[in-house]
Amino acid sequence: MRIDLHSHTTVSDGTDTPDELLALARAIGLDVLGVTDHDTFDHLPAVRLAARREGIELLEGMELSCEFQGKSVHLLAYGMDPENADLLEEMALVRAGRTDRLALMLERLGELGVPVTEAEVMAQVGEAPSIGRPHVADAMVARGHVASRDQAFRDFLADDGPAYVPRYYVDLHAGIELIHAAGGLAIIAHPWGRSSREVLTEDVLTELVRTRGLDGFEVDHEDHDEADRARLRALADALDVLGTGASDHHGAGKPTMQLGCNLTAPPVYAELLRRLASRSTR
Ligand code: AMP
Ligand code: ZN
Ligand code: FE
Ligand code: FE
C-alpha cells in the first residue's frame, strides 16, 4: 500500500489540476491520496470524480491556515463534513484575508523594484478561490524578476522577507475544535518546518494532544531531516497519535516535493480510518 496524505491542486497553490494530480497518483502507483488544498473545499467535487476514474482511494482533506503564539501553523483536516457551517465561515475569513493583503504586497514589491500587477497575479490564480504567495511568486517568475518560486520566497515573500504582509489566521486551538466539531481529524502539517518549529516544541505538541485532542502530526515530510523524523516518530508513538508521512506535492511549484516522496505507513492509515469512523458516529 502506497499512501500519500497531503497534496495540492490548482484549486489553491498547486500547479496540477485535480485530473492531472489523480492521473499522476495512478501513474506512480499510489493506492491512497489525501488532497488538502489551502482553506477551501472547492477541490472536492473534481478530485472525487478523478479518484473514482483512476481507481485511487481518496482521503478528503483541507489545510487550514492557523497561528499559534504569533507563528503560522498549518493544520490538516481529514474526513470532515465539508458542509459544516462554522468551519466554512472561518475558512471564508481566511480566504478574504488572502485576497485583502494582495494590494499591500504588490505595493511592497513595487517599492522593492520588482513590480507585478494584480492582473498578472490573477492570471496565475485562475479560478482558484484561495490566493497564495506562490501565485505572486509565479507572476514574478513570469516577469523574469526571479528564476523560481523558491527564489521569490527566499528574496521577497518569506515570513521574514521584505514583501511579507500578514493575513488572517485561525487560532490553532479554535481550528482543532472546528475540525473536530465537523467530524474530522486534526493533524499538524510539517510541525518542524520553518515557522512553526519555533513554537511547536515537544512539550507543546504533547499538551495539544492531551488537552485539545490533536490527532497527530506529520513526521515524514521534506521539511524534516532524519533527526527530526526520528524524534517526531518517537513522540507520536509515545503519545499514541498518528505520525503521518506525505509529499505536500505542489506540482512544478515545489520541484523537490514530488508526489509519493514521503508516504504514510499502512498501519497508521488504518488507525486514521478507525479514529475517523469513531469520530463521525459520535
Ligand atoms: P500563503 O498561503 O500565501 O501564506 O503562502 C504560503 C504557502 O507558500 C505555503 O503553504 C507553501 O505552499 C508555499 N511556500 C512556502 N515557502 C515556499 C518556498 N520556499 N517555495 C515555494 N513555495 C513555498
Ligand atoms: Zn501550498
Ligand atoms: Fe503547509
Ligand atoms: Fe501543504
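User: Before we start, what are the ground rules here?
Analyst: The model is predicted, so local features need pLDDT of at least 70 and side-chain atom pairs count only at pLDDT 80 or more, while totals for chains, interfaces and linings use all residues. Residues are numbered from 1 along each chain as its sequence is written, chains are lettered from A and ligands numbered from 1 in the order written, and side-chain values use heavy atoms, with hydrogens and water left out.

User: Which residues coordinate the iron ion (ligand 3)?
Analyst: Donors here are N, O and S atoms within 2.8 Å of the metal (3.2 Å for Na, K and Ca), and water is not among the atoms, so sites may look incomplete. The coordinating atoms sit at 2.1 to 2.2 Å, and in sequence the donor residues are spaced E-x10-H-x115-H. The residues are Glu63 (OE), His74 (ND1) and His190 (NE2).

User: How many residues apart in sequence are the parts tied together by histidine 74 and histidine 190?
Analyst: Helices (H or I, at least four residues) and strands (E, at least two) are DSSP runs, numbered from the N terminus. Histidine 74 lies in strand β4 (residues 71–78) and histidine 190 in the loop between β6 (185–188) and α9 (202–212), so the parts that the pair ties together are 116 residues apart.

User: What separation does the iron ion (ligand 3) have from the zinc ion (ligand 2)?
Analyst: The iron ion is the one held by Glu63, His74 and His190. From there to the zinc ion (ligand 2), the separation is 5.5 Å.

User: How many disulfides are there?
Analyst: A disulfide is taken as a pair of cysteine sulfur atoms within 2.5 Å. As for cysteines, cysteine 66 is buried at 0% relative accessibility, while cysteine 261 is partly exposed at 33%. The disulfide count is 0.

User: What arc do the buried residues of α10 cover?
Analyst: The buried ones are Asp228, Arg229, Leu232, Leu235, Ala236 and Leu239, and they pack against α9, β7 (216–220) and β8. Glu226, Asp237 and Ala238 are exposed on the other side.

User: Which residue with a positive phi follows α10?
Analyst: Most residues other than glycine have a negative phi. The residue in question sits in the loop between α10 (226–239) and β8 (242–245), is exposed at 60% relative accessibility, and has phi near 60°. That is aspartate 240.

User: Which residues is glutamate 54 in contact with, leaving aside its neighbours within four places in sequence?
Analyst: Glutamate 54 belongs to helix α2 and is buried, at 14% relative accessibility. Taking contact as heavy atoms within 4.5 Å, its partners are Leu22, Ala23 and Arg26.

Note on methods
Buried means under 20% relative accessible area, exposed over 50%, partly exposed in between (1.4 Å probe, protein chains only).
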